[in-house]
Each structure stands twice: as structure tokens, then as C-alpha cells.
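Please look through the chain shown here before reading my comments.

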Amino acid sequence: MPHAFPDDLVQAQRDWYATYRELAATGTAGTHTTVLRRRLVRLSVRITAHPYWTTLPGSVPAARMELKEMTWTDVG
């Protein structure tokens, strides 16, 4: 069953993937890499601690996978 994810949660997951891809493309250590890693941590916390997850009667891991799959193709 598809979930109706809140817009801010979907955007946070999109931002996480965009940041991850930017970090992977950077490839070298430095200030920019540190900034990207810190952003990933902040986004991870925002995603995992989002209040939406407490409203689900079913499987949260399945819903998380649905969110990830839905947003993976959004970021290119």
C-alpha cells in the first residue's frame, strides 16, 4: 500500500540522496567533504526522527524502503 509521506520528509530524503551523490563525486578529503558529511548526518536525523514514523500502524521498515525507492529516481 502506498504511503502518503509528508512533503518535508520526501524533500529531506531527496536532499539526502543529492548530498550523498555530491559527496561521492567529490572524492577527496577537505572542507567541502566535511560540510557534506555533516549535512548527511543532519538529514539522517531529520528523516529517522520525523514524527510521521510514529503514525504508522504497520511496518516502518517497509515504509522507509518505499520512501527511499520513491526518491532515489527523483534525484539525478
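Predicted model: local features only at pLDDT ≥ 70, side-chain atom pairs only at ≥ 80, totals over all residues.

1. Residues are numbered from 1 along each chain as its sequence is written, and side-chain values use heavy atoms, with hydrogens and water left out.

2. The overall fold. The chain holds three helices and zero strands, where helices (H or I, at least four residues) and strands (E, at least two) are DSSP runs numbered from the N terminus. Read along the sequence, the pattern is α-α-α, and the C-alpha trace spans about 45 × 20 × 20 Å along its principal axes. Of the 76 residues, 29% count as buried; buried means under 20% relative accessible area, exposed means over 50%, and partly exposed lies in between, with a 1.4 Å probe and protein chains only. Among contacts between residues at least 6 apart in sequence, 71% join residues at least 24 apart, a contact being heavy atoms within 4.5 Å.

3. The core. Which residues make up the largest nonpolar core? There are eleven of them, namely Phe 5, Leu 9, Val 10, Ala 12, Leu 43, Ile 47, Tyr 52, Trp 53, Leu 56, Ala 63 and Leu 67. Such a core is a set of buried Ala, Val, Leu, Ile, Met, Phe, Trp, Tyr and Cys residues joined through side-chain atoms within 4.5 Å. Helices α1, α2 (31-48) and α3 (60-72) each supply at least two residues of this core, and the largest share, three residues, comes from α1.

4. The pairing of α1 with α2. These two helices pack at an angle of about 155 degrees with their axes 9 Å apart, the axes being lines fitted to C-alpha atoms, for helices over the stretch in contact, and the angles running from 0 to 180 degrees between N-to-C directions. They are therefore roughly antiparallel to each other, since angles over 145 degrees receive that name, whereas those under 35 count as roughly parallel, 65 to 115 as roughly perpendicular and the rest as oblique.

5. The pairing of α1 with α3. The axes of α1 and α3 come within 9 Å and cross at roughly 60 degrees, and the two helices are therefore oblique to each other. Their crossing is right-handed. The contact includes Leu 9, Val 10 and Tyr 17 of α1, together with Leu 67, Met 70 and Trp 72 of α3, and its residues divide into six nonpolar, two polar and four charged.

6. Is Gln 13 buried or exposed? At 2% relative accessibility, Gln 13 counts as buried, and leaving aside its neighbours within four places in sequence, Gln 13 is in contact with Ile 47, Arg 64, Leu 67, Lys 68 and Thr 71. Thr 19, also found in helix α1, is buried with a relative accessible area of 1%, and Thr 19 touches Leu 36, Arg 39, Leu 40 and Leu 43, not counting residues up to four places away in sequence.

7. Two residues with greater accessibility values to check. His 32 in helix α2 is partly exposed, with a relative accessible area of 41%, and its contacts beyond four places in sequence are Glu 22 and Thr 26. Gly 58 lies in the loop between α2 and α3 and counts as exposed at 52% relative accessibility.

Methods:
Left-handed = near helix turned anticlockwise from the far one by under 90°. Nonpolar A, V, L, I, M, F, W, Y, C, P; charged D, E, K, R; others polar.
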